[in-house]
Amino acid sequence: MHRIGKQFRFEAAHSLPDLPEGHQCSRVHGHSYAVEVHLVSDGELHRPGFVVDFAELAPFGAHVRDHFDHRDLNTVLDAPPTSEHLAAYFYHWCCDHLRLPEPVRIEKVRVSETASTFAEYGPVLP
Ligand SMILES: Nc1nc2c(c(=O)[nH]1)N=C([C@H](O)[C@H](O)COP(=O)(O)OP(=O)(O)OP(=O)(O)O)CN2
Ligand SMILES: [Zn+2]
């Protein structure tokens, strides 16, 4: 199997509802988010030796830039803007919008709010 990925970064604010009183994340605060899109393929490489050109992920970068960078994430997502909900949203966006040749698949999307945390979302493996 070949695995490739690309990282996208954006700055945004959020607050998280339904947390115990006094929890620091119930206050509005910001993160420098990192989003990684991971692709996997068990097919042949394409010249000059690509699973796909990383440039095929450019539409995702544009979506992140246009709709997430320097935004209040509570007004962007329909769900509380946790790392988990963001990872699921980005995974489904990539599945719906990226045109990837068979047998290339989106393995998972990983979202990090900080250098020490992450959440991943992808299909259940057989
Ligand atoms: N499972 C999750 N837990 C938390 C999330 C989340 O999205 N998923 N988010 C938060 C907050 O957004 C918070 O800003 C980040 O949490 P945390 O890394 O705990 O915050 P710190 O940078 O202050 O971490 P320290 O190690 O305590 O410095 C919370 N939890
Ligand atoms: Zn936060």
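A residue is near a molecule if its C-beta atom, placed from the backbone, lies within 6 Å of it. In this predicted model, ligand 1 is surrounded by residues that include Cys-25, His-29 and Glu-113.

**Ligand 1**
- The residues around ligand 1 are Leu-16, Cys-25, His-29, Thr-82, Ser-83, Glu-84, Glu-113, Thr-114, Thr-117 and Ala-119.
- By class, this shell consists of 3 nonpolar, 5 polar and 2 charged residues.

**Largest nonpolar core**
- The largest nonpolar core has 20 residues, and the members that touch the most others are Val-37, Phe-90, Cys-94, Val-109 and Val-111.
- Two or more residues each come from strand E1 (2–14), strand E2 (29–41), helix H2 (83–97) and strand E4 (105–112).
- Helix H2 contributes the most to this core, with 5 residues.
- Leaving out residues up to four places away in sequence, Val-109 touches Val-35, Glu-36, Val-37, Ala-87, Phe-90, Tyr-91, Cys-94, Glu-120, Tyr-121 and Gly-122.

**Arg-105**
- Arg-105 lies in strand E4.
- Is Arg-105 buried, exposed or partly exposed? Arg-105 counts as partly exposed because it has 15 C-beta neighbours inside 10 Å, where a buried residue needs 20 or more and an exposed one has 12 or fewer.
- Apart from residues up to four places away in sequence, Arg-105 touches Leu-39 and Val-40.
- Arg-65 is 40 residues from Arg-105 along the chain, and their C-alpha atoms are 23 Å apart.

Definitions and conventions
Residues are numbered from 1 along each chain as its sequence is written. Chains are lettered from A and ligands numbered from 1 in the order in which they are written. This is a predicted model: local features need pLDDT of at least 70, side-chain atom pairs count only at pLDDT 80 or more; totals for chains, interfaces and linings use all residues. A nonpolar core is a set of buried Ala, Val, Leu, Ile, Met, Phe, Trp, Tyr and Cys residues joined through C-beta atoms within 7 Å. Helices (H or I, at least four residues) and strands (E, at least two) are DSSP runs, numbered from the N terminus. Two residues are in contact if their C-beta atoms, placed from the backbone, lie within 7 Å. Ala, Val, Leu, Ile, Met, Phe, Trp, Tyr, Cys and Pro count as nonpolar, Asp, Glu, Lys and Arg as charged, and the others, Gly among them, as polar.
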